[in-house]
Amino acid sequence: MDHTVDLGCGTGGQARALAARGWTVTAVDYAAPAVAAARRLDPGASVTWRTADVTDPASVDPGGRLGGTVTLVLDNGCLHGIPSRRRPGWAATVETLAAPGADLLVRAAAPRRLGVGPAGIDATDLAALLGARWSPRPAPDPGWYHYRRRA
């Protein structure tokens with residue numbers, strides 16, 4: 001069975017949609033109120049909800065049961081808001097979870113120098129963060145990045 005992890009799930013709309021399509025889903029967010037709201041919106045408990053720091057693999061996957069088994073890692077607007085100094089932890093989480101051949105989908109705003117909101121990230125910085133074990137793939141829409149982990 002395919003397993004996905006939704007990093008920065010918020011109130012869980014994408015996680016519930018994936019579960020409705022047959023995926024086994026673990027959804028993670030550091031904001032406990034968001035995870036509590038997601039649980040309320042999922043009365044059938046179709047998703048495993050977890051309050052955790054996406055930059056800490058052990059927090060995302062306590063006990064290490066998901067390590068190397070996840071076939072889809074989804075980040076719909078989380079990474080681009082993580083401070084640059086903590087992004088290697090996000091990459092370690094992705095690397096720890098992903099199975100060979102796994103897909104990574106990241107939606108991210110372009111980098112910004114001024115103003116309120118996420119700092120953003122570009123394709124060059126994302127590729128450097130992921131390293132040589134990930135290959136870029138065609139993105140589904142503008143603002144999205146798609147990578148596949150090499151087998």
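This passage describes the burial and packing of helix H4 and the salt bridges of the structure.

The model is predicted, so that local features require pLDDT of at least 70 and side-chain atom pairs count only at pLDDT 80 or more, whereas totals for chains, interfaces and linings use all residues. Residues are numbered from 1 along each chain as its sequence is written, and side-chain values use heavy atoms, with hydrogens and water left out.

Helix H4 spans residues 87–97; helices (H or I, at least four residues) and strands (E, at least two) are DSSP runs, numbered from the N terminus. Within H4, the residues Arg87, Gly89, Trp90, Ala91, Thr93, Val94 and Leu97 are buried. Here, buried denotes under 20% relative accessible area, exposed over 50%, and partly exposed the range in between (1.4 Å probe, protein chains only). An α-helix has 3.6 residues a turn, so residues three or four places apart point the same way. The buried residues of H4 pack against several elements, with contact defined as heavy atoms within 4.5 Å. Among the strands in this packing are E1 (3–7), E4 (70–76), E5 (98–107) and E6 (134–137). Helices H3 (57–60) and H5 (123–130) also pack against the buried residues of H4.

A salt bridge was counted where a side-chain nitrogen of Lys or Arg lies within 4 Å of a carboxyl oxygen of Asp or Glu. By this rule, the model contains 4 salt bridges. One of them joins the side chains of Arg133 and Glu95, at 2.9 Å from N to O. This pair links distant parts of the chain, as Arg133 lies in the loop between H5 and E6 and Glu95 in helix H4, 38 residues apart. Both residues are partly exposed: the relative accessible area is 44% for Arg133 and 22% for Glu95.

Glu95 also forms a salt bridge with Arg149, again with an N to O distance of 2.9 Å. Because Glu95 lies in helix H4 and Arg149 in strand E7 (residues 144–149), this pair ties together parts that are 54 residues apart in sequence. Arg149 is buried, with a relative accessible area of 8%.

Asp103 belongs to strand E5 and Arg148 to strand E7, so the pair ties together parts 45 residues apart in sequence. Asp103 is buried at 18% relative accessible area, whereas Arg148 is partly exposed at 28%.
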